[in-house]
Amino acid sequence: MIQFDQVTKRYPGGNEALKNLSFSIESGEMVFLAGHSGAGKSTLLKLIAGIERATSGSVLVNNQNLSKLRSSQLSFVRQHIGLVFQDHKILYDRTVFDNVMLPLDIIGFDRRDAAKRVRAALDKVGLLGKEKMMPVRLSGGEQQRLCIARAVVHRPTILLADEPSANLDRAYALDIMELFKSFHQVGATVLISAHDETLMEDYGRRIIRLREGQFAS
Amino acid sequence: MKHFFYLHWQSASNAFTRILRQPFGSLLNLVMLSVALALPLSLYLCVNSLQDWVGRLSATPQITLFMEMSAEDADLAAVNSTLRKHPRIKGYRFVSRQQALKDMENRNGLSGLADGLESNPLPDAFIVTPATIEPHELEMLQKELSGLPMVETAQFDASWAKRLYGMVDLARKLTVFLATILGIALILITHNTIRMQILARRDEIEVAKLIGATDSFIRRPFLYHAFWQGVLAALIAWGLTCWLVAMANPAITEFAMLYNERVNLISLNAPEVLAVIGLAAFLAMFGARLATGHHLRQLEPR
């Protein structure tokens, strides 16, 4: 599903975020990505989503070599990926419902079927009663769940979450982990990054540990 | 395919409601755009009406063919048939030498003049109205006509026609110049409006790009915004010209009456209105395309 082959990412200015990294993630796997901030977790996720391009090496997603795609083609790759951002990236000028509608608008889903999908996604994360609210009135945990609803509403085959439980207390964080687990159970490939390893260890899944852009042993 | 139209319909209606949702800002923009359109349009109307008037003017350049004194009926008939078939002649009338003498007597109060003359000194003549007012063509026509058999001279007032034509031509060139300048202004104004829109919605654009929006998906609402702006501005500009015509025509008619002329401004006809709307929409979308192309590249997600 996801394959890294000797991937190096160097940012302008010389900062090497990933150094000669090779690994693969099977379809339907649920994998954790651990490491301190600055270890390269976010960069790794951005490479999979085609938001950044590898400096050298190849990144294969769904058997497509992302470095060989034009940026217009990367958009289509991204349409099959659900992204949960550390900073939510919620749009505050529209309702909860319209935020979740955005990915369906982008892939051009029929509006009536789309409304059902949006409600289903909101129901899944427990925000169904708040669909008409503006996002500013949601708590931090609710905003994170809104972001998750938006990431899964178009039923992506890959779900990437960058520190989804950061800034949340443990009870909320566990809630969110359970959500990801349920998406994994319906067949999605899930990759979750966190700097707090205690949460991951309870799940007994594969953990990729990064330190300064390399595997930490 | 249905999906394709659905997406476009959605963008178009969204863009329209976006314009309505900011009535004040939109109105300011529309006024700016419609003034840029109304100025050259008004001038165009004036030139058009002037040309129409020049065309109808009783003193439209005329060429008078004076026949040789010895011309016979057969010669007259030959010239007559040449004139009838000529493509560059709109009309002509024949003035016989008897008729000419009678006219002269009447006009100048010289009754009895004919009695005092031994014979009629006036020749037969054809008064020809050419189909063109373009000086060069007129000159060609004059040369051609003077070469006809038994025609002594072909005469016309070239300097007058040249002056009139020059005036209309200058006005037309001025219109083209103004339309070009203001067309560019229209592109720049929409470019700027759309640029502001993009900056105001940069969060939305960034997020949309992150979750897989193509450039054309992001560009589409802005292009439709520009499209509606162009169409609405053209409609307002059309309204302004109608107002100008309604306001100016009574005064112009009254003034022209003093000179016994029937002059008035002619409103735009339907094809012209459609052309203006189409052109305005096109220019606005062109400006928007420039703005989106430039700024979407800068808003690549990080």
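This is a predicted model: local features need pLDDT of at least 70, side-chain atom pairs count only at pLDDT 80 or more; totals for chains, interfaces and linings use all residues.

Student: Let us start with chain A. In what order do the strands of its four-stranded open sheet lie?
Tutor: The order is β2-β1-β4-β5 in chain A, and the pairing is antiparallel.

Student: Which strands are at the edges?
Tutor: The edge strands are β2 and β5 (64–65) of chain A, each of which pairs on one side only.

Student: What holds paired strands to each other in general?
Tutor: Strands of a sheet pair through backbone hydrogen bonds, in either a parallel or an antiparallel manner.

Student: How many bridges join β1 and β2 of chain A?
Tutor: Six bridges join strand β1 (residues 2–10) to strand β2 (residues 16–25) of chain A, and the two run antiparallel.

Student: Which strands does helix α1 of chain A lie across?
Tutor: Helix α1 (residues 41–48) lies across β1, β2 and β4 of chain A, and it runs at about 120° to β1(A).

Student: Changing topic: how many salt bridges are found over all chains?
Tutor: The search of the whole structure finds 18. One of the salt bridges is formed by the side chains of R206(A) and E29(A), at 3.0 Å from N to O.

Student: Why does that pair tie together parts that are apart in sequence?
Tutor: R206(A) lies in strand β9 (residues 206–211) of chain A, whereas E29(A) is in the loop between β2 and β3 (30–34) of chain A, so the pair ties together parts that are 177 residues apart in sequence.

Student: Now chain B. What is the strand order in its open sheet of four strands?
Tutor: The order in chain B is β2-β3-β1-β4, with antiparallel pairing. Its edge strands are β2 (89–95) and β4 (151–155) of chain B, which each pair on one side only. On average, neighbouring strands of this sheet are turned by 20° against each other, if direction is ignored.

Student: How many bridges join β1 and β3 there?
Tutor: Four bridges join strand β1 (residues 63–67) of chain B to strand β3 (residues 125–130) of chain B, and these strands run antiparallel. For instance, I63(B) has V128(B) as its bridge partner in β3(B).

Student: Which helix packs on that sheet?
Tutor: Helix α6 (residues 135–146) of chain B does, touching β1, β2, β3 and β4 of chain B. The direction of α6(B) makes about 165° with that of β4(B).

Student: Finally, how many residues of each chain are in contact with the other?
Tutor: In this interface, 18 residues of chain B are in contact with 23 residues of chain A. The area buried between the chains is about 1,800 Å², and carbon and sulfur atoms give 62% of that area.

Student: What about salt bridges across the interface?
Tutor: The rule finds two between chain B and chain A.

Student: Which element of chain B gives the most to the side that touches chain A?
Tutor: α8(B) does, with seven residues. The residues of that side of chain B divide into nine nonpolar, four polar and five charged.

How values were computed. Residues are numbered from 1 along each chain as its sequence is written. Chains are lettered from A and ligands numbered from 1 in the order in which they are written. Side-chain values use heavy atoms; hydrogens and water are left out. Contact means heavy atoms within 4.5 Å. Buried area is the accessible area (1.4 Å probe) that two parts lose on being put together, summed over both. A salt bridge is a side-chain nitrogen of Lys or Arg within 4 Å of a carboxyl oxygen of Asp or Glu. Ala, Val, Leu, Ile, Met, Phe, Trp, Tyr, Cys and Pro count as nonpolar, Asp, Glu, Lys and Arg as charged, and the others, Gly among them, as polar. Two strands pair if DSSP finds at least two bridges between them. Axes are lines fitted to C-alpha atoms, for helices over the stretch in contact, and angles run from 0 to 180 degrees between N-to-C directions.
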